[in-house]
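Colleague: I would like a close look at one part of this model, with the terms spelled out.

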Amino acid sequence: MNTTQPFDDDHPHEECGVFGIFGHAESTALTALGLHALQHRGQEAAGIVSYDGEQFHAHRGMGNVGDNFSSKEVIARLSGHSAIGHVRYATTGEVAMRNVQPLFADFEFGGLAICHNGNLTNSYKLRQQLVRRGSLFQSTSDTEVIVHLIATSLKLSVEERMIDALRQVQGAYSLAALTQEGMIAVRDPMGVRPLVLGRLGEAWIVSSESCALDIIGADFVRDVEAGEMVIVGPNGLRSIRPFGRETKRLCIFEYIYFARPDSVMDGVSVYESRKRIGAELARESHVAADIVIPVPDSGVPAALGYAAECKLPFELGIIRNHYVGRTFIEPTDQIRNLGVKLKHNANRAHIQGKRVILVDDSIVRGTTSTKIVAMVRQAGAKEVHMRISSPPTKDSCFYGIATPERNKLLASNMSIEEMGKYIGADSLAFVSIDGLYRALGETKRNMKTPQYCDACFTGDYPIPLVDHDSGQVQTQLSLLTENA
Ligand code: AMP
């Protein structure tokens, strides 16, 4: 699901997570638990819709899963044997209650709830066409385009209407939908965003990441394949491939940063891949140093791999405060200037007098690296060498990850040497694109048909950027503003 001004500060802004279960008496409680495990994919809002055989029940709210799904009353009200849920970080559509998913609509054929991880690249164009034909949009989210395409389809069954709708959209999508007949899950033809299938007793589960299966004691069955539609109902599971076969292009940044390290994606462990990227980084760009320190938490696995490869001690030289919540009131400039370090603090004993290698996963605007390098110097480091476990982020993502406009990306404006000076490091190096592919088990990036979507590093966009190329993404979608 996709917003217009993503990632304009240095807070963690991520994409979305979806979860769905069919055939369990505790479907809502399990969905809430599953969403807890996917919380890292979106902290702006959360929602669940359940179906009890007669009625759909919905609960949605701004904030974290725990803020909205901790009360027994809420869980009990969302009765039924099937449920789908969503955690949201807006990458299109403003921050407002009306954009919180799952979306629900009453159609000619009955009710349908739908939630989406990803971002459509032709949603604005489709929206304009739909509005001209009389569709009245209730949200500014791109996901609602799918709802209207389903509503206006002339096909008969829900399944056929969904296929009809999805044949018209372009972009990245992993979807979970709930109907009166069952649950439908779909992954776009390139499989840009992840989606897995699991089982808990007789119940079927779909989830953005496998870590959500682990926490509810469900078995991992397999990844939903690129271009696959899975239909689950009282008679079991069916799989169809209505969109033809394209080369799979899973987002490589899931491995670098987004996914939880305890997830396995398309057969590859996220944690192990991060360690291997760190080892590649060490082989490619090691300098003499005394200690390897991760920027927590995102840099930890890569720093472990780096330290093991160059046989240097690994220490938690920076401590992160995990309790800085969304509700925190930013201090005044006067207090900030006193040097209040809210999120990170240096562990001086492990830094003083040392030549430090700092490892983080990426540099976007350079805000984090600049702060951390200065902090490590202040704590008495003799040298600070920054190592990044991704290639330079030079291009924006249009497939569901919040990145700033291209001109705000440090790497699109500066050489690596200039970036190193900008962040105040003695040296700066990034893993190479082939090093990254090697860490993921490939010999190198296949230039003709790359194995992953790496557009943020290469500018090679596998799915056409229809709205962006026609300059339409920034256009106002709604005249209404409302309280979040
Ligand atoms: P910046 O401070 O703008 O250079 O952002 C880099 C930091 O943000 C790194 O520590 C990353 O772990 C983290 N990061 C990278 N990409 C994203 C993203 N799309 N949303 C939120 N945080 C990110």
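Colleague: In which loop does Asp 266 lie?

Modeller: Asp 266 lies in the loop between strand S15 (264-265) and strand S16 (268-269); strands (E, at least two residues) and helices (H or I, at least four) are DSSP runs, numbered from the N terminus. This is a predicted model, in which local features need pLDDT of at least 70, side-chain atom pairs count only at pLDDT 80 or more, and totals for chains, interfaces and linings use all residues. Residues are numbered from 1 along each chain as its sequence is written, and side-chain values use heavy atoms, with hydrogens and water left out.

Asp 266 is not a glycine, yet its phi is positive, about 45°. Lys 311, also a residue other than glycine, has a positive phi near 55°. Lys 311 sits in the loop between H10 and strand S18 (318-320). With a relative accessible area of 73%, Lys 311 is exposed (exposed is over 50%, buried under 20%, partly exposed in between, with a 1.4 Å probe and protein chains only).

The peptide bond from Pro 296 to Asp 297 is cis, with omega near -5°. A cis peptide bond also joins Gln 101 and Pro 102, with omega about 0°. Pro 102 is in the loop between strand S4 (82-88) and strand S5 (103-107).
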